[in-house]
Amino acid sequence: MTIAFLFPGQGSQVPGMLHSLPDHLNVTRTLDEASTSLHHDVRDLDSPEALKSTVSVQLALLTAGVAVARALAAEGVKTEAVAGLSVGAFAAAVHSGVITFPQAIQLVRQRAEMMTALYPTGYGLAAIIGLTEAQVSALVEKAHTAVTPVYVGNINAPRQIVIAGSDAGMTRVLEAAKKIGARKAARLEVSVPSHCPLLEPVAAALRVTLESMKLEQPRLVYVGNVKARALRAAAPVAEDLASNIAHGVRWHDATTVLEELGCRLFLEMPPGHVLSDLAREAFPDVKTLAIGQSTLKTALHLAARLA
């Protein structure tokens, strides 16, 4: 196994992200397919104004990831494993063959709309760099109350932890983190409390929707968010897609699994670069490329060298 595709999550969006995708027939076809499913032009979702909406952000990220993965596949790039962070998991599931792109659009739109409806204001995510999971967990335990809920969310790296919850609860944790030596403790550009128990109603609704869909067995390995395991059957992939919104994402563990499976080139789909940065820091012997900061041609060149 040599190549893994990584699909970024919310927070990686940038204005114009769909308009700056590689000029490739499969990219154009994917944008058109998304527009047909949404009944409006998906290209309208990447304006600065549109990206203030969680729904627009998540649909744009899904579309960008699927589009570029399809372009790479059309050019002969073969991958045997995929992983996506948060909403990126849906693009990973499309590329693995478990769900179709129209199914993913339906699921992601439902997910984002429910997230926004549940917590329109006063909640979100924040990142803490320089402290361990145990240290952040202790701070969260002290700050959490029924009125100011806050939780440990994503473990992106051993000392890069994301917290989720109320503005007040996160402020308490961030202030405490700075006092004990965090290099950085700041809010993220995400306005909903992803990956914590506050969003269990969303997970429950997604399970119902997924149960109504025809799913296929994955044609390549899908590494999950919640348990960071290599999944090779449709049912556990579907459960990971539904449940990751209400659980922390063990991203560092997931990429460790990819490295242990033998992946030696990580290609991150646009528009992100954080997943590539994390992988480069964690695995010096693994090649990484963020296509959004490079070119499709460079990605194809790196892939060809491993063929």
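## Reading pockets and cores

Visitor: What volume does the second largest pocket have?

Guide: The second largest pocket has a volume of about 180 Å³, a volume being the space filled by probe spheres set on grid points joined across faces, edges and corners. Rolling a probe the size of a water molecule over the atoms shows where empty space is left. Here a pocket is an open set of points on a 1 Å grid over the protein atoms alone where a 1.4 Å probe fits, with protein on both sides within 12 Å along at least five of seven lines, and lining residues have an atom within 4 Å of a point. This is a predicted model, in which local features need pLDDT of at least 70 and side-chain atom pairs count only at pLDDT 80 or more, while totals for chains, interfaces and linings use all residues. Residues are numbered from 1 along each chain as its sequence is written, and side-chain values use heavy atoms, with hydrogens and water left out.

Visitor: Which helix gives the largest share of the lining of the second largest pocket?

Guide: Helix α8 (residues 234–243) gives four residues, the largest share; helices are DSSP runs of H or I with at least four residues, strands runs of E with at least two, numbered from the N terminus. Among the lining residues are Lys227, Arg229, Glu239 and Asp240.

Visitor: How much space lies in the largest pocket, and which residues are closest to its centre?

Guide: The largest pocket holds about 600 Å³, and of its 30 lining residues Gln10, Gly11, Ser12, Leu188 and Val274 are the closest to the centre. Elements that each supply at least two lining residues include β4 (150–157) and α10 (274–282).

Visitor: Which residues touch the most other members of the largest nonpolar core?

Guide: In soluble globular proteins, nonpolar side chains tend to be buried together. A nonpolar core is a set of buried Ala, Val, Leu, Ile, Met, Phe, Trp, Tyr and Cys residues joined through side-chain atoms within 4.5 Å. Of the 77 residues in the largest one, Phe5, Leu72 and Leu267 touch the most other members, and helix α2 (residues 54–74) gives the most, with 13 residues.

Visitor: Why does Ala299 count as buried, and which residues does Ala299 touch?

Guide: Ala299 counts as buried because its relative accessibility is 0%, buried meaning under 20% relative accessible area with a 1.4 Å probe and protein chains only. Ala299 lies in helix α11 (residues 296–306) and, not counting residues up to four places away in sequence, touches Leu72, Leu267, Leu289 and Ile291, contact meaning heavy atoms within 4.5 Å.

Terms used. Buried < 20%, exposed > 50% of the residue type's maximum accessible area, 1.4 Å probe, protein only.
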